[in-house]
Structure formats: structure tokens, C-alpha cells
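These entries record what I looked up, in the order in which I looked it up. The sequence and structure come next.

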Amino acid sequence: PEDLEHVVTMCLEKEREHRYPSMADLLADLEVLKQGGAVASSRAFELPRAKPAPVPWRVFTGIGLLVALLVLVIPVLRQFTGPGGAARPDHLFLAVLPFDNVGDAPENQAFIDGLVYTVTSKLTEMEQFQDALSVVPARDVLQAGLLSTGAAADRFKVNLVVSGSVQRTGSGVRITLQLVDPRVGKTLASRQLDEPMTDIGALQDGVVFKLAELLEIELHPAFEKTLTAGRTAVPVAYDFYTRALGYLQRFEDETNIDAAISLFQLAIKEDSSYALAYAGLGEAYLRKYQASNVSALVQEAVRNGEQAVALNDELAPVHVSLGMIYFETGHYEQAELAYLRALALEPKNAAAYHELGDVHSRQHKDQMAEASYQEAIALKPDYWLFHNDLGQLYHRLGRHKDAIPQFEKVIALQPDNPWGYNNVGAQYALMGRQQEAITWYQKAARVNPNATRATAVAHWNLGGIYYGQDDFARAARMYEKVVALQATDRDAWENLGDAYYWAGNPEAARTAWQRAVGLAKERLTVNPKDVDILGALAEDYARLGAQDSARLVLDRLVALDELSTMSLISVGKAYEILKERDQALRYLKAALDRGQTPEFLEYSSWLDELRQDPRYRKLVQSYRSREE
């Protein structure tokens, strides 16, 4: 009985250092008891002993507790690691599903969404210390709208899923967690956590600790420090912050962004030193700008992002948030420094490597961009976005054969993601294999109609092929579908205008081009160095016959240090429309020198006359011969 009491006491201990170090140690002591042995000396530490209660009560309670423990624990071990069930995977690939809202109170949903986001983010940070762990980003799960473990396994190819429920009362929060193996469709284990409202800030930490127990992961001491970094000591501030994050995850609805901004501001009002709340507010203003194109919001995004860093320079997430804001506003050097600082704090932060790759790509530091994307993939090989963006880099460099395997990996990881199909199709189109491209684009348009933006891009791409085949009426129908889905897509309005023009409808064409000009000018108020937008604006002015405006933009553009491949083509096309053939040939040659394929130039009807020029034919032939 004394040995049994000792085991029970260790199971009930609140202090971590006084509990069993692992489930294996508990089972070992139970086996010793079963064989009639003594276990008190088998533990390396001694527990404080409370005044004993009457022996019959303690023995009964101890036996009852041990029976409960065996019921809960032994089946879990058999399912997860033991014989008769699925073996524990060598690499834990995990998705956290949205938690159920017990009671369905609408006012609790944003808090629950925010909690899931923060917990998933903390698990992602745990990847730095656990090579065998990979976590699907919370935003991907939320946007996929998945509610079942089977759907998560199908979509993300995960081998473990966490589901749960949250019940909020006036005095506290109760969370129930379940670990599910989708390979066999069974719950492996569950845990329950209760926290009072007076200590609600500790909630995310408690959930992460419980999940680590479920996953049988021993937390690295450095991670436990990371887990609490940046946390507020003001419970109501944490509540506002978590609810704001919940709204921000659904930023497609502009009213959710407004709610997030208000709640982040309330969190800051309660705790003016809350760096993470300032970072969240900066991101919320950035999302608001992206939704509304109101340029004044950008300054609010920058101001709050910089304030977050000023308050706490030791938090990698605030540097990542500020880097995103700098990137969107064309401050690429500052963005690069922000991401490098994040990586200095968290050397295995895959997201920071990915964002750094985006910056290097925009700066045309192509080798550095490739290396950064590959670092992100090495750290998180099962995340589709990293493969997608490396493929995009190869696409931009004209390395279409290298791009295809990256996009095929996207499809393998997410079969219902239209981006993979779109991007494979684009490579075949640029390689001159039009029918194969059409097949991939049609798949992209059908695979997931709820993915509005990707579906719009599929129609956009189909419009491009029909346009290249001089089927302008059919191309116009495709572009009409695009602007119906994405009314602020500048490129689609420009292409719709081109299709109308060559189909014999010049008035409709002018209306579409004017809309494209307006959207380009709005974009340039935020990032005046966006060479692709400047090139497109020059083209649109030339189409509209606004020659002076076109030349002003061209002068502004060519004065910049380095142009992208697409902007070089736009400059060449604008000069051709302006009847300045020598300049047109100069810039188209520069685009070919940068890796653009001759086939890409064959799409534009604005270059029909140029293609009859012997100088153009000689230029293109020299590059085709080089490729062969």
C-alpha cells in the first residue's frame, strides 16, 4: 500500500519536477508492483509526504486512480506505439483543426479561432527543437474549411490531427483536446484543461504542454522560454489580442479586419508594452490596405510594426510581421534586414527563410532567393507554398523544366489546390505546348470553385492562350469571368481591353484600359518603385493614345537601377505602340538576355508588325538556336 500510495502521489503532483518523467517510468513501476516488488527506491527523487488519510480510503482511491490511468494510457500506447495498432510515425506531420465552440455563442468564436492560431504558431516554433515534427500553418487549415480528420489527411497528407472544443463561462475556460490518427480513424488520447479568467494568458501555454504530452514530445528548455516570450501579464489584454487574431484569420471579409483593428487597439490600451499586439495591429492595417487600396493605411501599418520592434527586439514574430509590411511597401532592404534578424533569433524559422526568398527574388538576387527557398523547403518539405514559390522563381527565370517538378509537388501535397495546376499549365504554355497547357488550366478552373482567386487565374490563363490563338472573342469571355471574380485585378482589365480591341469593340476596350490605369496609379501610391506596374502603366497610356503620359512613365521607369523581365517586355511593347521601333527592339532583346523565352513574345498582337521586321526575326532566331 505504501508503494502504491507513492505512485499515486507522483501521478497527482502539480509540480512537473515531482511527477513521473515519462509514461514508460510509470508503467515500469506498475510492473514492479504487479510482481510484488518495492518502487520507492526506483525513483531518483523523493516526494514531500502529506499527512496520511485513513488507509482504506487512500487504498481505494489509489486503486481507482490507477485503473483510470491504465484505461486512459495503455490503449493510447497501443494505438500510437505498440502492437495491435498503427505504429508511431517517424515524422509527426500534424494539423490542428478548428476547435468546436461549445454552446455556439457567436461572441466566443473569434477567441477560439485566435487561440487555435496562437497554439498552432507555438507548435510551429517547436519545430526548431524537434526535427521529427512538422505542423500545417493555421491559416491554411482555416482557409481550407476542414472540419474532419479524414478531410485534413486527404488535403494535407498529415499523419496526426488535433481536434478539440472550447467552453467559455463567466469564470474561466475549459478546453478538451483529442489526438487522432487519421490512418486508422481512431482517437489516440484526450486531455482536458481548465483555466480561470484571471489567468487566461497562460491558456495557450497550457494547451501546448498538453499537446506535447499527447505527442510524447519532451520539450526543450529553450522552447519553454520561447513559449512565454512576449506574453502580456494583463488577462483582459490577452483576451482582446486573441480575439483580434481570430478575426484577422478571416481577413477576406473587410468587416473582420475592422474588428481586429479595434480589438488590437483595446489590447494595447490595456497593456501599452504589448509588442505582439502592435505587430498584429500593423498586419491588420496592411490587410485593410490590401482590401481597400487606401494608401494612408500603409503608414499606420509601418508605424505599428516599428513600434512592436521598439518594444521587444527579441521576438522573431514581430520582425517577420514588420518584414511583411516593408516588403509590401517596396522597402526591400529594410524587409531583408527584418527577416535576417528573425532568423538570428530563430535559425530554423522556415517562414522567415521563405519571406527572405521573396525579398531576394524581388531584388533580383536570384541565387540568394533560390537558396532561401531551398532552406525553407529543407526545414518544412511538406508545405506546398514553399515549393510553389521556388517554382515561381524558376518560372520568372525562364527555367520552366525546373519549375514543373516544384508545381507537381504542390499538386501531390494538395490535390484540390488550383495553384499547382495553374502553374504547371503556365510552364507548358511558355514552352509552346499549348494544348497541354489548356488541359492543366481547365483542371485548375474545375478543381475547387471555392478558391476564387485561383479559379480566376485559371480563366485568366485560358484567356491568354485563346488570345494568342487570335480567338479574341473567346479570350474576352474568359477575362470577363476574371473581373467578375476579382474586380481589382489590374492585369485582367488590361487584357480584357486588348481582347475587346482586337475583337472589334474599341469603346469597350477604352473603358477597360482606363480602369487598368486607375488601378495601376493606386498601386504606385504605395510602392512607386514597382517596375512591373510602371511598365504596364506605360503600355496602357500608349494604347489609349496618351503619348506624353506614356513617355513620362517610360522615362521614370528606365531611370531605375534594374528592370524585371516583365517590365522590360512592357517597355518594349510601349515603344512599339509609340512607333519607336529601335527602342522596342532594344528592350525586348534585354528581356531575352534575362532568360525570357521567344515564345512569350508571340502572344502579343501589339507586336504583329514588329514580327515582320527582319531585325526582330534575326533576334528571335538567335535565341531559339541558343536554346536548341
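Predicted model: local features only at pLDDT ≥ 70, side-chain atom pairs only at ≥ 80, totals over all residues.

**Entry 1. Overall make-up**

How many helices and strands are there in the protein? I count 30 helices and six strands. The mean pLDDT of the protein is 83, and 85% of the residues reach 70 or more. Residues 40–85 are a stretch with pLDDT below 50.

**Entry 2. Burial and contacts**

I next looked up totals for the chain. The protein has 628 residues, of which 52% count as buried. Among contacts with a separation of 6 or more, 59% are between residues 24 or more positions apart.

**Entry 3. Nonpolar cores**

Which members of the largest nonpolar core touch the most other members? They are Phe99, Leu123, Ile175 and Phe264, in a core of 175 residues. Helix α11, residues 275–292, provides the largest share of this core, with ten residues. Another core, of nine residues, lies apart from it and includes Phe93, Leu97, Ala152 and Val158. In soluble globular proteins, nonpolar side chains tend to be buried together.

I then took Phe99 by itself. Leaving aside residues up to four places away in sequence, Phe99 touches Ile112, Val116, Ile175 and Leu177, among others. Its partners also include the run Val162, Ser163, Gly164, Ser165 and Val166.

**Entry 4. Helix α11**

Why is α11 largely enclosed by the rest of the structure? The reason is that 15 of its 18 residues are buried. Just after the helix, asparagine 293 takes a positive phi of about 60°.

**Entry 5. Cavities**

I found three cavities of 30 Å³ or more in the structure. The largest cavity holds about 90 Å³ of space. Which helix gives the most to its lining? That is α5, with four residues. Both α4 (106–126) and α5 (138–144) supply at least two lining residues each. The lining includes Asp113, Val116, Tyr117, Ala138, Arg139, Val141 and Leu142. Val96, Leu97, Pro98 and Gln249 also line this cavity.

Definitions and conventions. Residues numbered from 1 in each chain as written. Heavy atoms only, no water. Core = buried A, V, L, I, M, F, W, Y, C linked by side-chain atoms within 4.5 Å. Buried < 20%, exposed > 50% of the residue type's maximum accessible area, 1.4 Å probe, protein only. Contact = heavy atoms within 4.5 Å. pLDDT = per-residue confidence, 0-100. 1 Å grid on protein atoms, 1.4 Å probe; cavity = no way out; pocket = protein on both sides within 12 Å on 5 of 7 lines; lining within 4 Å. Points joined across faces, edges and corners; volume = space filled by probe spheres on them.
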